[in-house]
Amino acid sequence: MTAPIETTGSAAGAQPEAVLAGAKRSQIEGRSLYQIAWLRFRRDRVAVAGGIVVILLVLLAALAKPIESVFGLDPNAFHQDLVDPSLLAPKGSWGGMSWEHPLGVDPQYGRDILARIIEGSWVSLLVATGATVLSVVLGTVLGVVAGFYGGWVDSVISRMMDTFLAFPLLLFAISISASLQDGAFGFSGLPLRIGVLIFVIGFFNWPYMGRIVRAQTLSLREREFVEAARSLGARGPFILFRELLPNLVAPILVYSTLLIPTNILFEAALSFLGVGIAPPQASWGGMLTSATGLYQADPQYMIVPGLAIFVTVLAFNLLGDGLRDALDPRSK
Amino acid sequence: MKRSKATAAMAAAVVLALGATACGGGSKDSGGGKGGGSSAADAALASIVNPSDKKGGTLTFAHSDVPDSLDPGNTYYGWVQNFARLYARSLTTFKPAVGKAGLQIVPDLAESLGKPSADAKTWTYTLRQGVKYEDGTPVTSKDVKYAVERSNFAPEALSNGPTYFKAHLADGDKYQGPYKDKSPDGIKSIETPDDRTIVFHLKDGFADFDYLAGLPGTAPVPQKADKGADYVKHIISSGPYKFSSYEDGKGATLVRNPEWDPKTDPIRKALPDKVEIKFKVNQVTIDNNLINNSLQVDAQGNGVDPQTQPKVLQDPKYKKQTDSAIAGATSYIGLNLHVKPFDNIHCRKAVQWGVDRASAQEAAGGPPKGDVATTLLPPTVNGYTKFDEYPTPNGKGDIAKAKEELAQCGQPNGFTTTLTARSDRNTEMAMATAVQASLKKIGITAEIKSFPSGKYFTNFAGVPDYVHSHNLGMIMTAWGADWPTGFGFLDQITNGAAIKPSGGNNVQELDDPKINEMLNSAIKNTDAAARNKAWGDIDKLIADNASAVPLVYRKNLLFRPTGAANVTVTQAYLGMYDYALMSVSK
């Protein structure tokens, strides 16, 4: 492993015999970049907390359906007897909180908010992660290629990034989502909606990733280890994948964790504009949307999905910050 | 009046209101208390609240958006038609009166209602003597003819208004409009034998013609003052008020028209000295200004913002000042007869029995915002007959009967279809969500697809080709009549002739020879009582065909400030206050 940032790891590798001979003796162990990063990360309690919350959220999203069936929660069941239709709010205080509905029910329909938060978690996280993966893959590939080859390749890709950045993203997102309503690419209904959201959000966010990767590549390709590889006869693809990419993992990872919360908010914004997930499917963005119109009548309804999005965004941000500090101590 | 436009404007207003949280807090303590407005809730539905003969004061209107145009010949909004009566006199108009009496059409610029020929194909009006414009020149029948020509035949300049004259006049399809056809005769099928007489020659008998004569497009316009779409900047008044200032997109001020002679006008009291209207005021701000009495009228007349609704309903003091006015519009689902399985009447009946109308009504905002509907015609339309062909307890639906129909339809386990609604209309989306949930119980999976309201009829739900190829079986819509009779309501949504390749409102594609024939023959009948009975019979036939599922008779939750006098709801203009009557009590 070539590690231009950290040089401590090479100490152990230099004396393999000594390590084998004195296996029992307590000796300074060699640590890879990632071991060191992990140690540093563990010491950062805030980041660990963020990480734990993220893991819990992912578990919640992955197990949403089983959780609902175990506890008998139906996110789409109406309880209109619990709602005062004239006041556009649930009966009782705190948005209709009760033992049956711990977080209350939504106005108009009386659907259980807790069930809808759980049901909405997988949609929101799936869209956010899917879109992130898409923009990371696109951004990394194009960014590395642009940075490494330079010249006209760089010019073309960079102008493409500029074009994408200059695009009125929201307008485009709305028109694509609105025109791809009924079945495309063999999908329809909810899977299509989720697919479209992932595509729209991911496809238009890649230039941000691309620029970061390109800048990193530009500085890396002049480094000694790349020169060394090149002088040993390595070709472009080898250098790209074996020498450059591993060194780009840190910034990519960090940026990805910071991109996920942005994308969750973007999904919320699109649902807010009515081009997100179709009813009755719950999504956090959709819940926030319907709550916004009625926040004076039923503030509780806005607080719950708002908090869910807030906690998720915060957790991913803390995790991302921690990862960056751990992987790149100079940025501290 | 086109419901779609009015509610689209409201949807926009709601969106605007979302952005203005700062205006949300009201000044609760400054409202109420003064004036004689201590009436009960819904008082203005059946009486004139705060009656007064006191002249003077400034009557202030505010609107959350802008009108299509204040030009009487270039508007389709119900509220502008109501408002325009302050400065424009059409041949006939609706009587400014309480309750049902407000639906009565009465002569305004004309001496009496139209005199029809026996076949209702020729209609003659005589203008009142002594009616003058604000500059003192007398109003002639030629000005009325010119007004009809410009409002109906010049879409290149005035595209907003209804074009019923073009559709019904004998040579309506040939005439090119006054801006293109410069011949001094104008359209041949309107004759003006003298300065006070005007004769309309129609293609077919049309007994509702007095209602067409009540559209603001018949209000006189002097040809030399007409500047096409720019006429709105200098409207020449024939009514009690004239424009002293007008600013596009901002508002207008009207002052008394000294040339208006009350002796020529038995229907207007014209009490305020001045009338002001402001556009683009945030809806929540309008509501709060009504509550704290610094404003008299929300011009749009669609009722308070959902944000304000709980505030005025929870406080008993404010609740007394609300009126839940029937808006003259019905929300319904069209089941398209060419989309399987709705070509089978039993599948349509399954939906009729299975839909929980009460649930849809609650989702739409409960009793203040609408009543459970069992007919297409709303109760405030001439010809409404009360009946229920699919009676279930409290309108909650009957699962057993619905399943029976499903079995007869050959779909005992239900089926999957598509339910469309307009994405920017919260109430419509809410009702669609409720309908979807109730159909789930009988095994029908209705996938909701939403479209922006601006393109709903022109590109999606109103385009049969699109509907068929995308299997849009269930189409949510709402309809309010351009004039409150059974024909005005039903013709565009149930007559086979109203099916268009795009932009049509007959979303069920109902083309039943019997219904078509009944509509076409009843409109030729000059006997009003027989005509009104026919509308109810047709409505029943439509219910038996089961292709339209009425859900809710829409209502507006209006707020009546104590500072306003002579307040009553007019049923003629989609359930808003009658602006020709109102004055200030301060």
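Which residue of β5(B) is the bridge partner of B:Pro116?

Guide: Happy to show you, and please keep in mind that the model is predicted. The partner of B:Pro116 across the bridge is B:Trp123, in β5(B). Let us step back from that pair to the strands that hold it. Strand β5 of chain B covers residues 122–126, and two bridges join it to β4(B), the two strands running antiparallel.

Now widen the view to the sheet. In chain B, four strands make an open sheet, ordered β4-β5-β7-β6, with antiparallel pairing. At its edges stand β4 (115–116) and β6 (190–191) of chain B; each has a single partner strand, so one side of each is left without a neighbour in the sheet.

A helix belongs in this picture too. Helix α4 of chain B, residues 141–153, lies across β6 and β7 of chain B. Strand β7 spans 197–201, and α4(B) runs at about 35 degrees to β7(B).

For another kind of packing, turn to chain A. There, helix α7 (residues 151–166) packs with helix α9 (residues 189–220) at an angle of about 135 degrees, and their axes are 8 Å apart. The crossing of α7(A) past α9(A) is left-handed. On the α7(A) side, the contact is made by A:Met161, A:Phe164 and A:Leu165, while α9(A) brings A:Phe204, A:Pro207, A:Gly210 and A:Arg211. By type, the residues of this contact are five nonpolar, one polar and one charged.

Conventions
Residues are numbered from 1 along each chain as its sequence is written. Chains are lettered from A and ligands numbered from 1 in the order in which they are written. This is a predicted model: local features need pLDDT of at least 70, side-chain atom pairs count only at pLDDT 80 or more; totals for chains, interfaces and linings use all residues. Two strands pair if DSSP finds at least two bridges between them. Two residues are in contact if their C-beta atoms, placed from the backbone, lie within 7 Å. Axes are lines fitted to C-alpha atoms, for helices over the stretch in contact, and angles run from 0 to 180 degrees between N-to-C directions. A crossing is left-handed if the near helix is turned anticlockwise from the far one by less than a right angle, and right-handed if clockwise. Ala, Val, Leu, Ile, Met, Phe, Trp, Tyr, Cys and Pro count as nonpolar, Asp, Glu, Lys and Arg as charged, and the others, Gly among them, as polar.
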